[in-house]
Amino acid sequence: MPRLVHASDRALLVVFDDAITAAAAKDVRALYEWIASDPPAAVVDLHPAYATLLIRYDPMRCDPDALAREVERRAGSLSHRPLRDGRLFEIPVQYGGIHGPDIAEVARATGLSEAAVVAAHTAAHYDVCFVGFSPGFPYLAGLPERLHTPRREAPRPQVPAGSVAIAGRQAGIYPVRSPGGWNVIGRTDFSLFDPSRANPARLTAGDRVRFLVAGTRS
Amino acid sequence: MSTLRVVAPGFLTTVQDLGRPGHAAAGVSASGAADPLALQIGNRLVGNSVGAAGLEMTMIGGAFRFESGGVFAVAGSDTGAQLGERDVAPWRPYTVRAGETLVCGALRGGARAYVCVRGGVSVPLFFGSASTHLLTGLGGFEGRALRADDRLRLGAPGSGEAFDRAVDPTGIPGYRPGEPFRATEGPQASWFQPAARAAFYDTPWRVAEACDRMGIRLSGRQVPLVEPRELATEGVLLGSIQVPPGGLPIVLFVEHQTTGGYPKIASVIAADLSRLGGVRPRDTIRFEAISLSAARELLRAQVEAVDALFS
């Protein structure tokens with residue numbers, strides 16, 4: 001059973017697991033999709049993540065304990081809920097050079113050549129676990145273990161939009177410029193966040209991602 | 001059409017409303033006014049709906065020329081403002097003629113003050129909100145802080161009447177200057193050493209220079225964990241107090257990221273969030289632990305006290 005925590009006087013945190021597991025990720029998606037499509041009164045925002053869902057509510061418009069009971073009921077009966085079908089996105093990347101300033105450091109830390117880093121990054125299949133941190137930023141699972149690299153010691157104050165990056169076991173793409181501490185290995189022109197669209201974030205939880213070397217496929 | 005021309009922008013002036021909750025799953029935090037209570041009261045003074053967009057000034061106010069007549073109020077910190085020869089006090093509505101310029105000076109109290117204009121400031125909405133998100137350059141006026149010679153469109157006034165007198169909100173619950181920030185236990189409070197948790201509430205924290213709309217960094221002592229532990233990235237909130245490996249807390253503020261991987265020792269209560277907007281670099285602030293039920297009682301009392309100002 002998931003654990004419910006009052007994260008503040010206006011938020012509930014549903015914890016499916018303390019570790020990052022595929023089962024917890026599925027439960028987070030199922031509860032998120034259920035609450036997003038049929039929100040209990042006074043729910044104002046939902047923050048899905050690896051193994052948790054943070055539910056922000058307006059404490060002036062609900063009884064927090066009653067809301068907690070409703071969330072607990074739903075969280076305990078997720079097994080039969082169908083999940084939205086994910087889509088596959090193929091994302092072209094220019095690796096290394098000015099586009100991937102940290103690829104040399106990743107190569108050094110992993111003992112691979114830069115070409116082998118690119119080969120490993122493009123060979124893998126990734127799942128979008130959730131979108132968080134900054135607008136449209138996808139947290140991707142599926143980074144091959146031989147690419148696991150510690151994050152940069154000092155975060156960069158500004159990482160350019162489109163930066164393709166890795167940190168620890170995580171992979172991601174910075175859709176908009178922001179500070180960031182992940183190792184940037186390449187850049188894509190693929191637009192991940194377009195404020196002019198009704199759903200500005202292109203990727204959502206459950207989608208799948210493959211990276212391609214830009215220019216190798218028409 | 002009515003416009004407001006920026007003569008001088010001040011230190012950091014942005015268009016803000018009450019933000020855009022509801023899009024955290026797309027990685028978009030709510031943003032919005034750093035001191036939402038001041039913006040709401042300012043709007044009520046000029047007869048706007050509480051969430052109309054106004055100008056948020058930081059540390060040093062700006063100068064704004066009204067190209068047509070209207071009604072405005074300055075809400076929040078006293079800016080020593082003047083309209084021609086007239087002194088402009090905060091928390092009361094003023095009528096202005098076409099061609100007059102409101103000149104605000106250095107903020108004398110907290111770090112933020114708002115210019116609310118009848119009709120509100122009109123900019124293209126992003127996710128339903130006029131709020132500027134500085135970090136990503138989204139929303140507000142061209143996604144950025146205002147500059148000299150920017151021309152802001154004003155909206156058409158609604159049916160609400162401007163209020164007929166000044167108000168004094170400085171005594172309402174949660175908004176009294178100098179009080180500690182009340183906080184409830186954060187989701188990882190038990191990860192911290194018991195002595196460190198107690199010390200967190202005893203320590204006068206110094207606000208670092210790195211204090212912006214994204215976060216308020218504190219120094220004063222380190223808050224150590226019981227043992228080193230990895231937190232799987234999870235959702236975070238405005239007012240969450242996270243402690244990175246260095247042990248110095250950061251209060252997440254209005255432009256916070258939607259998720260984070262640092263443990264959180266405490267969460268500032270809803271009733272005290274507006275007062276975070278007044279915090280300046282080098283201020284000393286304290287936290288006080290309270291229960292969830294006491295926090296909700298304070299919020300209820302605050303909402304009633306704000307309504308009472310206008311009865």
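Predicted model: local features only at pLDDT ≥ 70, side-chain atom pairs only at ≥ 80, totals over all residues.

Select B:Ile41, B:Ile216 and B:Phe287, which are the residues with the most contacts inside the largest nonpolar core, a set of 48 residues. Helix α1 of chain B, residues 36–46, is the next selection, for the largest share of this core, 6 residues, comes from that helix. In general terms, nonpolar side chains tend to be buried together in soluble globular proteins.

Now centre the view on B:Ile41 and display its surroundings. Leaving aside neighbours within four places in sequence, B:Ile41 is in contact with B:Trp91, B:Val167 and B:Pro169, and also with B:Val306, B:Leu309 and B:Phe310.

From B:Ile41, move to one of its contacts, B:Trp91, which is found in the loop between β7 (86–88) and β8 (93–96) of chain B. Is B:Trp91 buried or exposed? B:Trp91 counts as buried because its relative accessible area is 8%, under the 20% limit. The backbone deserves a look as well, as B:Trp91 has a positive phi of about 70° although it is not a glycine. Most residues other than glycine have a negative phi. A further case is B:Arg282, where phi is near 75°, again a positive value in a residue other than glycine; select the loop between α3 (273–276) and β21 (284–285) of chain B to find B:Arg282.

Next, bring both chains into view and select the residues that meet between them. Here 41 residues of chain B are in contact with 42 residues of chain A, and the area buried between the two chains is about 3,300 Å², with carbon and sulfur atoms giving 63% of it. On the chain B side, the residues that lose the most area to chain A are B:Ala25, B:Leu237 and B:Arg296, which together account for 18% of what that side buries.

Which kinds of polar pairing does the interface of chain B and chain A hold? Across it there are 15 residue pairs in polar contact, with both residues at pLDDT 80 or more, whereas the rule for salt bridges finds 0. To see which elements take part, select β13 (181–185), β16 (234–235), β20 (264–268) and α4 (292–309) of chain B, each of which gives two or more residues to the side that touches chain A. The largest share of that side, 6 residues, comes from α4(B). Coloured by class, the side of chain B that touches chain A shows 24 nonpolar, 13 polar and 4 charged residues.

Finish in chain A with two arginines. A:Arg74 lies in helix α2 (residues 64–75) of chain A and is buried, with a relative accessible area of 5%. Its side chain makes a polar contact with the side chain of A:Glu70 at 2.8 Å, and, not counting residues up to four places away in sequence, A:Arg74 touches A:Leu31, A:Trp34, A:Ile35, A:Asp38 and A:Pro40.

A:Arg108 is exposed, with a relative accessible area of 59%, and its side chain makes a polar contact with the side chain of A:Glu105 at 2.9 Å. Between the C-alpha atoms of A:Arg108 and A:His125, which are 17 residues apart along the chain, the separation is 24 Å.

Key. Residues numbered from 1 in each chain as written. Chains lettered and ligands numbered in written order. Heavy atoms only, no water. Contact = heavy atoms within 4.5 Å. Buried area = accessible area lost by both parts, 1.4 Å probe. Salt bridge = Lys/Arg side-chain N within 4 Å of Asp/Glu carboxyl O. Polar contact = N/O pair within 3.5 Å; in protein donor to acceptor, adjacent residues only side chain to side chain. Helix = DSSP H or I, 4+ residues; strand = E, 2+ residues; numbered from the N terminus. Nonpolar A, V, L, I, M, F, W, Y, C, P; charged D, E, K, R; others polar. Buried < 20%, exposed > 50% of the residue type's maximum accessible area, 1.4 Å probe, protein only. Core = buried A, V, L, I, M, F, W, Y, C linked by side-chain atoms within 4.5 Å.
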